[in-house]
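Me: I have a model open and want to learn how to read it. Can you take me through it feature by feature?

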Amino acid sequence: MAELGNPRSTIEIIQKHGFLFQKKFGQNFLIDPHVLEKIIRAAGITGEDFVLEIGPGIGTMTQYLAEAAGHVCAVEIDRNLIPILHETLAGYENVSVLNEDILKVDVAALVRERNGGRPIKVVANLPYYITTPIIMGLFESHVPLKSVTVMVQKEVADRMKSGPGSKDYGALSLAVQYYAEAYLAANVPPNCFMPRPKVGSAVIRLTCHKEPPVKVKDERLMFRLIRASFNQRRKTLANSLGNSPELSFTKEEIGAALEEMGLSPTVRGEALTLEQFAELADRLAAAVTEA
Ligand code: SAM
């Protein structure tokens, strides 16, 4: 039976081990069983699932995951948490703990070695200082994924779900759209964590597409265009792409591609849909090949 996930047991275990919270690791532990149950339900964990948990902390959510999943692999950066995890997860035979920085783990290789390359589910109460690199890293390195169910800052959840014209629309919104279907499972207030974060949080489930919703010849080029246009979002698309050190298209090539697409030469990146970024990438790639 899961034993953590309430203020009393969390305080007991951290005091017993003399654990000190490290702000630099984004440590805000969940202390509300209703939220934990909601996350497990949103992720739809079954005995068939191999789950990767990023940042298990003292093992609170890991216990819930271990009771529902076939196997849980938990990756924790803070070595001071490892002896605690050995104690809190001692009763579970289907859990392995790795003391690593998730940004340095080759997750695709881990899935090959530990789950025969079959798609996994990622479930995490993410450290907020690296939410975007973690999610983008999983997607861009083509880790076989069924879904990613994560607690993130409310503002990041809004960015993941927004479309053209909204102030929250950006590179993350487009990447999420390209790789997955986003569903907001719960809003979570600061008092569900210890210590309390300064911001509101939300649980979001990203169910990965089998096929991307748009076809593009060069996916990397499309994402370079997307990043460049939102790096300078107040500028016109022609200027931000023309000025980007990551790209080598002339303003004329960009202008011609926009015209062929029926777009204004002064259009900004924030007005383009995913389909339009895919078309722009295909047109620019073709223009360079022809030149
Ligand atoms: N899962 C626990 C819970 O819900 O109570 C803890 C969540 S806490 C928001 C984030 C966890 O991620 C912390 O345990 C922190 O030490 C860990 N963490 C931070 N950076 C990490 C990294 N680069 N790789 C792996 N774990 C990391």
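Me: Which pocket does the ligand take up?
Reply: First, the term. On a 1 Å grid over the protein atoms alone, a pocket is an open set of points with protein on both sides within 12 Å along at least five of seven lines. A molecule sits in a pocket if more than half of its atoms lie within 2 Å of its grid points. Here the ligand's space is the largest pocket.

Me: What kind of model is this?
Reply: This is a predicted model, where local features need pLDDT of at least 70, side-chain atom pairs count only at pLDDT 80 or more, and totals for chains, interfaces and linings use all residues. Residues are numbered from 1 along each chain as its sequence is written, and side-chain values use heavy atoms, with hydrogens and water left out.

Me: Which residues come nearest to the ligand?
Reply: A residue is near a molecule if one of its heavy atoms lies within 4 Å of it. The ligand has 23 residues around it, and Gly 55, Glu 76, Asp 101, Asn 125 and Tyr 129 come nearest.

Me: Where does Asp 101 lie?
Reply: Helices (H or I, at least four residues) and strands (E, at least two) are DSSP runs, numbered from the N terminus. Asp 101 is in the loop between strand E4 (95-98) and helix H5 (107-115). Its side chain reaches the backbone nitrogen of Leu 103 at 2.9 Å.

Me: How many salt bridges are there?
Reply: Side chains of opposite charge can pair when their charged atoms come close. The rule asks for a side-chain nitrogen of Lys or Arg within 4 Å of a carboxyl oxygen of Asp or Glu. The count is 14. One of them joins Glu 87 and Lys 16, N to O at 2.7 Å. Glu 87 is in helix H4 (residues 82-88) and Lys 16 in helix H1 (residues 7-16), so the pair ties together parts 71 residues apart in sequence.

Note on methods: 1 Å grid on protein atoms, 1.4 Å probe; cavity = no way out; pocket = protein on both sides within 12 Å on 5 of 7 lines; lining within 4 Å. Polar contact = N/O pair within 3.5 Å; in protein donor to acceptor, adjacent residues only side chain to side chain.
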